[in-house]
Amino acid sequence: MELLPTRPEARALYDAVQRFVRTRIEPAEAQFEAELREDRLRLPPVLEALKAEARAAGLWNLFLNDSPHGAGLTVREYAPMAELMGRVVWAPEVFNCSAPDTGNIEVLDRYGSEAQKARWLGPLLDGTIRSGFAMTEPEVASSDATNIAGTLRREGDHYRLNAHKWWTTGAGSPRCKVLIVLCKSDPAPHPERHRQHTMVVIPFDREGVSLARWLPVFGFDDAPHGHAELRFDNVQVMPDEVIVGEGRGFEIAQGRLGPGRIHHCMRLIGLAERALEKTCRRLEARVAFGKPIAEQSVWRERVADARVDIDQTRLLVLHAAEAIDTVGARHAKAEIAMIKIAAPNMACRVIDMAIQAHGAGGLSDDFGLSMAYAAARMLRIADGPDEVHRDQLARLEFARHR
Ligand SMILES: Cc1cc2nc3c(=O)[nH]c(=O)nc-3n(C[C@H](O)[C@H](O)[C@H](O)COP(=O)(O)OP(=O)(O)OC[C@H]3O[C@@H](n4cnc5c(N)ncnc54)[C@H](O)[C@@H]3O)c2cc1C
């Protein structure tokens, strides 16, 4: 199986992304960290400079498939590029390919009205603003999205939104200007559980929207974009801010999450590759008990297992990408569930091994491994916990044999 894109245009983009990540982004990691240490709420100037450079080189919005605004790549062609971006946690933004903007752009591009596109899609595609997707609520088990309870109620010629959300990624960014919010609309016209929720798109500075606090992951604030707890108190929503229509929220969510999960999984493979690379370099460079640690048989076995783990997960992810391209995300549910289970667990195992290989240094911030572990671990919960994907996969498997 050819793993890299074979179409010449796609291959040229892959080569350019690889060069850019290796020669421009990886060497800038220390500068990015230093600039953030000076001011965690400011957009690091190095990020801005790299974004401008990537855009000028045509390495922009690569994730967007089936759209005149993308680079014309299929999901399968984009997947190895997402892997490269995953090597550095902030690299996807350099190419305007970072979550949650990618999913929100897809929603607006596919389901937005002309007015919604005119107001929000252009600036998001330009990377001049960022966005948040507010679904999860602290009061309900949000892995079952039909529990989402924040309300959208009609009041004359407009609606009122009241909701308490948390873990809205991106909402901490000074550039976050727009939110897509999933809320429960009037259930009366639609008794079916999956027709009772609605997505709206509203400006972040709308009266009644407030940021209650930032939520760190294992103590990492993920600056400058962060994750936030938000309150929506009697927020006015105009009818033209409803996406597609009342009760259509889940229909849109289905389309939004499929490709996004592929992006996360490919980035995790890049993150794991980097951790394995660091492991090998470290183990060859350190001597303990009279020989390089790399020569201890236990480490040879662990490194070999990590290679198998990464490569088999990559094949599974490429298979899912191919399925999305050929039959569509709606019919690739099993493939998407499989990778959403496999990739974060694989990355956790490999990064955990890398931490062990670095000794106490692995637990510090010096090697980027503790942050990498946090990023991989959170994806066993975000976008649906492992158990929910296993449950869906098992249902599909039982159905096949019924
Ligand atoms: C870093 C980070 C970023 C996030 N970004 C966003 C975002 O941008 N927007 C947003 O809306 N949300 C976001 N989330 C939230 C995330 O999607 C939810 O946390 C997730 O869907 C789980 O919902 P919950 O936390 O309410 O867990 P719950 O639904 O309360 O579930 C708790 C646990 O119950 C178990 N469980 C649930 N269902 C089953 C089942 N069927 N079988 C067996 N066990 C089960 C699982 O172990 C699960 O972890 C983010 C989360 C994190 C950590």
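The model is predicted: local features need pLDDT of at least 70, side-chain atom pairs count only at pLDDT 80 or more, and totals for chains, interfaces and linings use all residues. Residues are numbered from 1 along each chain as its sequence is written, and side-chain values use heavy atoms, with hydrogens and water left out.

Start with the domains. The assignment, automatic or from a database, gives domain 1 (8–98), domain 2 (125–243) and domain 3 (251–400). Eight residues from domain 2 and 12 residues from domain 3 make the contact between these two (heavy atoms within 4.5 Å). Their centres, taken over C-alpha atoms, are 29 Å apart.

Now the interface of domain 2 and domain 3. It buries about 870 Å² (accessible area, 1.4 Å probe, lost on putting the two parts together, summed over both). Carbon and sulfur atoms give 84% of that area. On the domain 2 side, Met199, Phe218 and Phe220 lose the most area, together 48% of what that side buries.

Turn to the ligand. A polar backbone atom of Phe133 is 2.7 Å from a ligand nitrogen. A backbone N or O atom of Met135 lies 2.9 Å from a ligand oxygen. The side chain of Glu387 places an N or O atom 2.7 Å from an oxygen atom of the ligand. Alone, the ligand exposes 970 Å², and the protein buries 69% of that (Shrake-Rupley method, 1.4 Å probe).

How values were computed
A polar contact is a pair of N or O atoms within 3.5 Å; within protein, one must be able to donate a hydrogen and the other to accept it, and residues adjacent in sequence count only if both atoms are side-chain atoms.
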